[in-house]
Amino acid sequence: MPIPTGLTSGILNRVCILKISLKYKILIPTIMIIIAGMGTISIVSHFKAKNALTETIVNAIDNVALTTINSMSSWINDRKLDIRNWSNQGLYKKALLTSFLGLTARDFANDQFKRIKQDYGYYQELGLADTTGEIIAASGQNVVGNYNISDRTYFKKALEGKTYVSKHVLKNRVNGTLVFMISSPIKDKGRVLGVIFSVFEVNTFARMFTDPIRIGKTGYAYIFMDDGLIAANPDKSDLFGHNINKFDFGRQMLNTKEGFIEYELDSQPMFASYKKCGKMNWTLVVCAAKKEIFAPVKNLGRINFFVAIAVVLVVSFVIFLIAESLSRPIRKVVSGLKKMGKGHLGFRLDIHNKDEIGEIGQALNKMAENLQHSNRKIKTQTILLENARDDLELRVEKRTFELKKAEEKYRSIFENAVEGIFQIALDGHIINANPALAKILRYDSAEELISNKIQILIPIPQKEKDALKRVLKRKQDIIGYETQLYRKDKTQFWCSISARTICDKLGNKKYYEGFIVDISERRERKIAQAANHAKSEFLANMSHEIRTPLNAILGFSELLSRDFDDPKLISYTEAIQIAGKSLLTLINDILDLSKIEAGMMNILYEPVNLAIIFQEIEQIFREKISKKKLEFILEMDDRLPRYLDLDESRIRQILLNLVGNAAKFTEKGSIKLTATQKPTSNPNTIDLTLMVEDTGPGIAKEDITGIFDSFTQVSGHLKKNHGGTGLGLAICKRLTHAMNGQIIVTSTPDLGSFFEVCLKDVKISSDHNPKIKPKPNAFEYSHYSFKKSKILVVDDVRFNRYLLKELLLKVNQDVLEAKNGKEAISMARQYAPDLIIMDVRMPVMDGNEATVKLKADPNTKKIPILALTGDIISTARKKTLKKGYDGYLTKPVKIDKLLNELSKYIQHTILETKEKKLFSFMELFKKEEIQKPKVMINTLQTEFLPYCTSFENAMVITQVKGFGEKLLELAKEHNAQPLIAFSRDLIGNAAVFDIIRIKKNMEKLPVLLDEIIQRLK
């Protein structure tokens, strides 16, 4: 316990007055100070330790609650994804049919539900219900046909087209246990056919998450609903089945949703942390008895007390011994000083100590001896001093003249220096300054700075000023200290201060002096460099995060396209790939946004057919626009040349953005895409205009000027309803400018918007028959046989691992999976795979760190490792390869690229493949079956052959379909089987908007018609 200051000072005064030896004058105050200090330290340390231990305990309980609630949310989200994925399986769609196929599918559905329930263990029931609520398939034997769930909320929510997690617990109709539900609609072409649902018992859920929680011996966890019902508790006789509203602390937890609370339960103080589970509106409570938790705090106080007593006793004894050894020789020294004071200089002290006291005694003896000699020398020295005084006066006069000349020299340097030189008092006032400092601070003269008592340290913020003073106090000088100062006009600027402390001969501080340099421009350059670095980091992160889901989209669609034979399904997968590749192009352009802004974007001009781009745009947005029942109009100027020198990807990107915006915001009316041209003075160029017009909500006049700014969107309800990054129009504007054009927008609120892209001096392509770019040699897994090997796939995203696994299984490979670098190292050492495909960015341990460790391990260093990343920047790729990777794969992963890399490390053989023979319509030709051949020849030559050329510049789907129907009618009239087959194929391709097959068929048609005419002649 600390001793009061007043009492201490009083005791010390009394001790000083009393005639007490020096030993006790040292010993008594020292012991009192130690006792006071130890008492204060003990109390302070006890409270600090108590607070720290309390905070640690509170944080531990809170972390348990937070970790458990995150696990619960993650588990619920996984089950929600499972139910949603099952709702997309064809088996359950077929089971909802009333046909024989539907009855058979229900049996399979029952078996599958039972197997899922048995395999996973946490499903109490799985079921499938039709739109009336009747359960037609389930994992339980007595459920099908015996229950109707049409009145249940989870069934109604699923019928609305949503995957639903129940917010409340229910009593199971079969066994009366508390359960919660997850349901999802089963759709076909946007129509809900039925509902798939799963039933989870609350007790099973609690055994997984709350029952294992134990804080000390008495701590436990429980769950209550948003209506207060306590649904899960390890001690069923304590709180289970009660309503939390009956307790004061329960009502507080219901009101505040989450936090930390102290309360009493059955007269026992408790601590509890409670967190909200957002997925289900449940609340998890983790609690513990206060008495048990804070037992270590009490023990800590006792230990602290006894340790302090022991330390005081030991230190007091040591001080007593030291004081005794010091006081004895000091008494002898005091006796000698008394004799010297009386003028008796002949004494000599008998002190033989080897410490400082002994040295003092010897010095005192020597002093007495010296004083005797000094008396004799004083007279002689007086005469010598008078002579020295005369000589000193002559030297001072000469030195004064030299100092005057030196001052004139350095004054010139001071006045003409570029840096601002200063001298400031200890309180910060300027006492001297050169003209350069006045100029930097924008004062008229140095005199104005000095006369106005300007404080050069005052413009610095208080925090910076204190730091500067601490540095000067510690180091006596500073060099290049960067901070901000205020000029006379109150504007701030960055400067570099170098200063040192000037002291007198005794070491007392007199003032500071130094100089100031304006570094505003240099500082701005540093900020710009830091901003560029931050932008590069952002772009790299965004590239990886966006390419990860694209990897699954493009990869699975490519797999599906190779397995489908149905032209309609193939068309759908190709539409997904076109849209995905367009999105990939957009991502690449966003990553190049810095190049666009710097004017360094490379524009690649080549012959481009605008009609094909228009058809692709129509195919991409056809479904979205048709769902809104909008009219989509495409118009092209007939005078447009067939091929123009343009950057195809940039034109496509601009149209995707403009048409995409129109499709997103327009709810009724139409969207119109138009291309026109104007001649120029040069016959080899035209001015090309691309226009997108919609009947959407329009844009307010005050918003039009800002829509082309990066990350800017139209204000109001449109932004809330539709969202978006705000980059699309900004990129369109920059790309248009890069291609020597401009983009103009006019809009009327409630009537629509009109975007016009004007490209000047577009060159007409001299190559009227541009060659189709040959595709690089693609690896087809059906053409290669790989030796069976073990391949480890490492990625934290489950869909990415699944995609790579499916691809590798098709080429006879065994696949191992790991979710992070730490797991990869363990599995590589255990299974010794032949190849590792390693994602670069992962939690726990990323790919770079794992690769370095694998290459440093003698047992795994020879295993080839391929880097898998979404970062496509070449500099980043080189930096990644330096980590020790043997190869590089970018997301999205393409099959041919994957197999190409695989062939470098896995043995394989090339299979002999026969080129697929294209189906020939002429195989159906039989001359004797043709009716009225002359009439048919005439019709083909006069009507159909000339019409084929009209499709060279553009193909409008409705016109192609009409042409096919007309050709089919002619073929049936004359019983021409080749033309019947051809026209049906053409009509089918038009129905699914298969542009590629339509184009191929229309290219074959003139040859087919010529051959039929020649054979009929």
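**An exposed loop residue and its setting**

Reply: Val844 has a relative accessible area of 66% and is therefore counted as exposed, the cut-off being over 50%. The model is a predicted one. Val844 sits in the loop that runs from strand 27 (835-839) to helix 24 (847-856). Its backbone deserves a look as well: Val844 is not a glycine, yet its phi is positive, at about 70°. Most residues other than glycine have a negative phi.

Lys932 is another such case, a non-glycine residue with a positive phi, of about 50°. Lys932 also lies in a loop, here between strand 30 (908-910) and helix 27 (933-948). With a relative accessibility of 58%, Lys932 is over the 50% cut-off and so counts as exposed.

Now for the helix packing. Helix 22 (residues 798-809) packs against helix 26 (residues 895-905) at an angle of about 65°, and the two axes are 11 Å apart. The crossing of helix 22 past helix 26 is right-handed. On the helix 22 side the contact is made by Leu804, Leu807 and Leu808, which meet Ile895, Leu898 and Leu902 of helix 26. By class, the contact holds 6 nonpolar residues, no polar ones and no charged ones.

In soluble globular proteins, nonpolar side chains tend to be buried together. In this model the largest nonpolar core has 50 residues, and Tyr92, Leu128, Phe180, Phe205 and Trp282 have the most contacts inside it. Helix 2 (residues 22-87) is the main contributor to this core, giving 9 residues. Leu128 shows what such a position looks like: beyond its neighbours within four places in sequence, Leu128 touches Tyr92, Ala95, Leu96 and Phe113, then Glu134, Ile135, Ile136 and Ala137, and also Ile186, Val195, Ile196 and Phe197. A separate core of 42 residues lies apart from that one, and includes Phe621, Phe632, Ile671 and Leu735.

For the chain as a whole, there are 1017 residues, of which 42% count as buried. The chain contains 30 helices and 30 strands. Of the contacts with a separation of 6 or more, 60% join residues 24 or more positions apart. The exposed surface comes to about 57,400 Å², with carbon and sulfur atoms supplying 55% of it.

Definitions and conventions. Residues are numbered from 1 along each chain as its sequence is written. This is a predicted model: local features need pLDDT of at least 70, side-chain atom pairs count only at pLDDT 80 or more; totals for chains, interfaces and linings use all residues. Side-chain values use heavy atoms; hydrogens and water are left out. A nonpolar core is a set of buried Ala, Val, Leu, Ile, Met, Phe, Trp, Tyr and Cys residues joined through side-chain atoms within 4.5 Å. Buried means under 20% relative accessible area, exposed over 50%, partly exposed in between (1.4 Å probe, protein chains only). Helices (H or I, at least four residues) and strands (E, at least two) are DSSP runs, numbered from the N terminus. Contact means heavy atoms within 4.5 Å. Axes are lines fitted to C-alpha atoms, for helices over the stretch in contact, and angles run from 0 to 180 degrees between N-to-C directions. A crossing is left-handed if the near helix is turned anticlockwise from the far one by less than a right angle, and right-handed if clockwise. Ala, Val, Leu, Ile, Met, Phe, Trp, Tyr, Cys and Pro count as nonpolar, Asp, Glu, Lys and Arg as charged, and the others, Gly among them, as polar. Accessible areas come from the Shrake-Rupley method with a 1.4 Å probe; for residues, only the protein chains shown count as cover.
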